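Biologist: I would like to learn how to read a model like this one feature by feature. Please put it up and start wherever you like.

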Amino acid sequence: MAAPEGESSEDEWVDDHAGPVVRPYAMTRGRTRPVRGRFDLISLVMATRVRAAPEVGVGPEHLAIVGLCQRAQSVAEVAAHLNLPLGTIRVLLGDLLERHLVEVREPRPATAQPDDSVFEAVINGLRAL
């Protein structure tokens, strides 16, 4: 569709409140999987440097993640704060992990089995209903 007379077609790609509209696949260069890491929703991400120097392959979203993760953040929190899809965040985190700009602590699997008293308490509670 052609732009109306007096308006440039560039106006179609700019949001008044958010600035230029960039699709998530453009941020990840079409990648859908991280080059490294799994990144569970509750994995904690922490920056390894106070500031990341701009370099080839590190975009503004990467730098925003490093800035945000000066204090440990979960992967879900990073996605929410930057208002980006979780899949996009995982790809960007993989890039940062590969460059040693962040470290990730995966959640520990629950190893302890609850003892029988927990199950008995649940059963007794259900019977009391």
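Modeller: Start at asparagine 83, which sits in the loop between α3 and α4. Helices here are DSSP runs of H or I with at least four residues, strands are runs of E with at least two, and both are numbered from the N terminus. The model is predicted, with local features requiring pLDDT of at least 70 and side-chain atom pairs pLDDT 80 or more, while totals for chains, interfaces and linings use all residues. Residues are numbered from 1 along each chain as its sequence is written, and side-chain values use heavy atoms, without hydrogens and water.

Biologist: What is the phi of asparagine 83, and is asparagine 83 buried or exposed?

Modeller: Its phi is near 55°, a positive value in a residue other than glycine. At 70% relative accessibility, asparagine 83 counts as exposed; the classes are buried under 20% relative accessible area, exposed over 50% and partly exposed in between, with a 1.4 Å probe and protein chains only. Histidine 100 also has a positive phi, of about 60°, although it is not a glycine. Histidine 100 lies in the loop between α4 and β5 and is exposed, with a relative accessible area of 54%.

Biologist: How many helices and strands are there in the protein chain?

Modeller: The chain has five helices and five strands. Along the sequence they follow the pattern β-β-α-β-α-β-α-α-β-α. Of the 129 residues in the protein chain, 24% are buried. Contact means heavy atoms within 4.5 Å. Among contacts between residues at least 6 apart in sequence, 71% join residues at least 24 apart.

Biologist: Which strands make up the open sheet, and in what order?

Modeller: Strands of a sheet pair through backbone hydrogen bonds, either parallel or antiparallel. Here three strands form an open sheet in the order β4-β3-β5, with antiparallel pairing. β4 (73-74) and β5 (102-105) stand at the edges with a single partner strand each, so one side of each has no neighbour in the sheet. Two strands count as paired if DSSP finds at least two bridges between them.

Biologist: How many bridges join β3 to β5, and how many join β3 to β4?

Modeller: Four bridges join β3 to β5, and these strands run antiparallel. Strand β3 (residues 44-47) pairs with β4 over two bridges, again in the antiparallel sense. Leucine 44 has serine 74 as its bridge partner in β4 and arginine 105 as its bridge partner in β5. Valine 45 stands opposite glutamine 73 in β4.

Biologist: Now the helices. At what angle do the axes of α2 and α4 cross?

Modeller: Two packed helices are described by the angle between their axes and the distance between the axes. The axes of α2 (residues 60-68) and α4 (residues 86-98) come within 10 Å and cross at roughly 80°. The two helices are therefore roughly perpendicular to each other. From α2, the contact uses Glu61, His62, Ile65 and Val66; from α4, Ile89, Leu92, Leu93, Asp95 and Leu96. By class, this contact has six nonpolar, one polar and two charged residues. Ala, Val, Leu, Ile, Met, Phe, Trp, Tyr, Cys and Pro count as nonpolar, Asp, Glu, Lys and Arg as charged, and the others, Gly among them, as polar.

Biologist: How are the axes and angle classes defined?

Modeller: Axes are lines fitted to C-alpha atoms, for helices over the stretch in contact, and angles run from 0 to 180 degrees between N-to-C directions. Under 35 degrees is roughly parallel, over 145 roughly antiparallel, 65 to 115 roughly perpendicular, and the rest oblique.

Biologist: Where does α2 meet α3?

Modeller: The axes of α2 and α3 (residues 75-82) come within 11 Å and cross at roughly 120°. That makes α2 oblique to α3. Glu61, Ala64, Ile65 and Leu68 in α2 meet Val78, His81 and Leu82 in α3. This contact has five nonpolar, one polar and one charged residues by class.

Biologist: Finally, which residues is proline 34 in contact with, leaving aside its neighbours within four places in sequence?

Modeller: They are Phe39, Arg90, Val91 and Gly94. Proline 34 is in the loop between α1 (24-27) and β3, and is partly exposed, with a relative accessible area of 23%. Proline 34 and glycine 87 are 53 residues apart in sequence and 8.7 Å apart in space, C-alpha to C-alpha.
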